Amino acid sequence: ETAGGYAKEMSKEYQAKQAALTAEHIAKQDIVITTALIPGRPAPKLVSAAMVASMKPGSVLVDLAVERGGNVEGAVPGKVVTTANGAKIVGHLNVPGRVAASASLLYAKNLFAFLETMVDKTTKQIAINRDDELVKATMLTDGGKVVHPNFANAAAAADKPKPIVAGQNRGDDPASDSAAPAKATAKKPAAAKADKPAAAKKPAAQKATAKKSAPSAGAKTSSEGDA
């Protein structure tokens with residue numbers, strides 16, 4: 001294993017021991033799946049033609065490394081090869097891309113098996129057995145009520161009224177509602193205080209008017225003297 005966690009090629013001596021052990025096991029197996037890859041290099045050959053020939057007729061070898069040369073001798077990318085002894089070497093490309101279809105079929109089969117238990121085979125009508133363990137574990141509501149214990153307790157707790165705690169800033173707290181008008185009332189004297197300076201400015205305006213009229217009176221006297 002490399003520092004990055006990938007497999008690395010072993011020594012020739014190790015490979016010889018590995019091949020001997022692999023050959024011993026493969027001769028007893030009906031299915032073999034290989035996945036060995038080395039970054040930046042062709043896939044190592046782990047299963048020789050002799051090993052494949054030792055398998056029983058109808059045995060299957062799936063080479064998931066076929067796109068990089070394959071681990072099985074005789075594997076062909078994109079094809080299923082049948083050997084002389086009747087073994088099949090599967091070299092499908094992009095095997096992960098095939099999983100979606102198989103997973104969808106498996107899920108559909110599970111749904112069908114689940115719903116089939118709720119249908120009477122004689123009348124072909126829905127007949128739910130509420131005592132069935134599968135029904136108990138999956139039924140959430142029945143007759144307009146929450147019946148699943150995990151959700152029924154939560155629903156009952158949600159229906160209880162919440163306690164009112166004084167001092168919290170909430171709409172349902174009477175203490176916060178009564179405090180709001182008091183603050184609004186306290187602001188009224190401030191508004192009245194603001195009116196006093198406005199009233200004090202009126203005499204100043206009249207005084208300014210008097211100063212303006214004084215020169216006009218002197219001008220009138222001067223005109224009379226000229227006359």
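**Note on the predicted model**

1. Overall make-up. The protein chain has six helices and six strands. This is a predicted model. Read from the N terminus, the elements follow the order α-β-α-β-β-β-α-α-β-β-α-α. The chain has 227 residues, and 12% of them are buried.

2. The largest pocket. The space in the largest pocket comes to about 360 Å³. Its lining consists of 17 residues. Those nearest the centre of the pocket are Met10, Gln15, Gln18, Pro44 and Leu46. Helix H1, which spans residues 12-26, supplies five residues, the largest share of the lining. Sorted by class, the lining of this pocket contains ten nonpolar, three polar and four charged residues.

3. A nonpolar surface patch. Three residues, Ile31, Ile33 and Leu64, make up a nonpolar patch on the surface. Together they have about 300 Å² of accessible area. Leu64 sits in the loop that runs between strand S2 (60-63) and strand S3 (80-82). Is Leu64 buried or partly exposed? The relative accessible area of Leu64 is 38%. Buried would require a value under 20% and exposed a value over 50%, so Leu64 is classed as partly exposed.

4. Positive phi at Asn94. Asn94 is not a glycine, yet its phi is positive, at about 50°. The residue belongs to the loop between strand S4 (88-90) and helix H3 (95-116). Asn94 has a relative accessibility of 47%, and therefore counts as partly exposed.

5. Positive phi at Lys124. Lys124 is also a residue other than glycine with a positive phi, in this case near 60°. Where does Lys124 lie? Lys124 is in the loop between H3 and helix H4, the latter covering residues 133-138. With a relative accessible area of 62%, Lys124 is exposed, because the cut-off for that class is over 50%.

6. Leu134 and Phe114. Leu134 is part of helix H4. At a relative accessibility of 38%, Leu134 counts as partly exposed. Along the sequence, Leu134 and Phe114 are separated by 20 residues. In space, the C-alpha to C-alpha distance between Leu134 and Phe114 is 8.5 Å.

7. The salt bridge. How many salt bridges does the structure hold? There is one salt bridge in the structure. Its partners are Asp142 and Arg130, whose closest N and O atoms are 2.7 Å apart. The pair connects distant parts of the chain, twelve residues apart: Asp142 is in strand S5 (residues 141-142), while Arg130 is in the loop between H3 and H4. Why can two such residues pair? Side chains of opposite charge can do so when their charged atoms come close. The atoms in question are a side-chain nitrogen of Lys or Arg and a carboxyl oxygen of Asp or Glu, and the cut-off is within 4 Å. The distance given for Asp142 and Arg130 is 2.7 Å.

8. Asp142 has a relative accessibility of 28% and so counts as partly exposed. Arg130 is also partly exposed, and its relative accessible area is 44%.

Definitions and conventions. Residues numbered from 1 in each chain as written. Predicted model: local features only at pLDDT ≥ 70, side-chain atom pairs only at ≥ 80, totals over all residues. Heavy atoms only, no water. 1 Å grid on protein atoms, 1.4 Å probe; cavity = no way out; pocket = protein on both sides within 12 Å on 5 of 7 lines; lining within 4 Å. Points joined across faces, edges and corners; volume = space filled by probe spheres on them. Helix = DSSP H or I, 4+ residues; strand = E, 2+ residues; numbered from the N terminus. Nonpolar A, V, L, I, M, F, W, Y, C, P; charged D, E, K, R; others polar. Patch = residues over 30% accessible without salt bridge, like charges linked within 9 Å, V, L, I, M, F, W, Y side chains within 5 Å. Areas by Shrake-Rupley, 256 points an atom, 1.4 Å probe, with all protein chains shown as cover. Buried < 20%, exposed > 50% of the residue type's maximum accessible area, 1.4 Å probe, protein only.
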